[in-house]
Amino acid sequence: MLTTSEVTDGERLLIERRRADQNQTQAAASYDVSEWQYRQCEADESDRIPRTTIGKLRDYESAMLMRRRQGMKRTELAAELGISGWWLTRMERGQIPADRLVNYWS
């Protein structure tokens, strides 16, 4: 699993946004940048937004980042785990236990 020190600045923004339960439009507004600029930062294609501090990375967040880094779609991973995309999304958001997901990436 990933540690906080291994997370890119864009991934930090993604984690921060997900913890705040914001979409990209809302997050962009909170940084007073355009949605396009925010998306560029979250994709690690720009550094217009200052580096954020997210504290300790939770296991389900690390698992979500691992999936994204592998270029794997939610539907693909859900099929591999034998669950629906809806359940996978809930696991990646920490809304339900994510042991199965965490074990997959361990």
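**Salt bridges in close-up**

**View 1. Asp 9 is partly exposed, at 36% relative accessibility, and pairs with Arg 51.** Here, buried means under 20% relative accessible area, exposed over 50%, and partly exposed in between (1.4 Å probe, protein chains only). This is a predicted model, in which local features need pLDDT of at least 70 and side-chain atom pairs count only at pLDDT 80 or more, while totals for chains, interfaces and linings use all residues. Residues are numbered from 1 along each chain as its sequence is written, and side-chain values use heavy atoms, with hydrogens and water left out. Asp 9 and Arg 51 form a salt bridge of 3.4 Å, N to O (a side-chain nitrogen of Lys or Arg within 4 Å of a carboxyl oxygen of Asp or Glu). Asp 9 sits in helix α1 (residues 9-19) and Arg 51 in the loop between α3 (35-42) and α4 (59-69), so the pair ties together parts 42 residues apart in sequence. Helices are DSSP runs (H or I, at least four residues), numbered from the N terminus. Arg 51 is exposed, at 55%.

**View 2. Arg 69 meets Glu 11 in a salt bridge (2.7 Å, N to O).** Arg 69 belongs to helix α4 and Glu 11 to helix α1, a link between distant parts of the chain, 58 residues apart. Glu 11 is buried, with a relative accessible area of 10%, whereas Arg 69 is partly exposed at 38%.

**View 3. Glu 92 forms a salt bridge with Arg 74.** Their closest N and O atoms are 3.5 Å apart. Glu 92 is buried, at 1%.

Conventions. Helix = DSSP H or I, 4+ residues; strand = E, 2+ residues; numbered from the N terminus.
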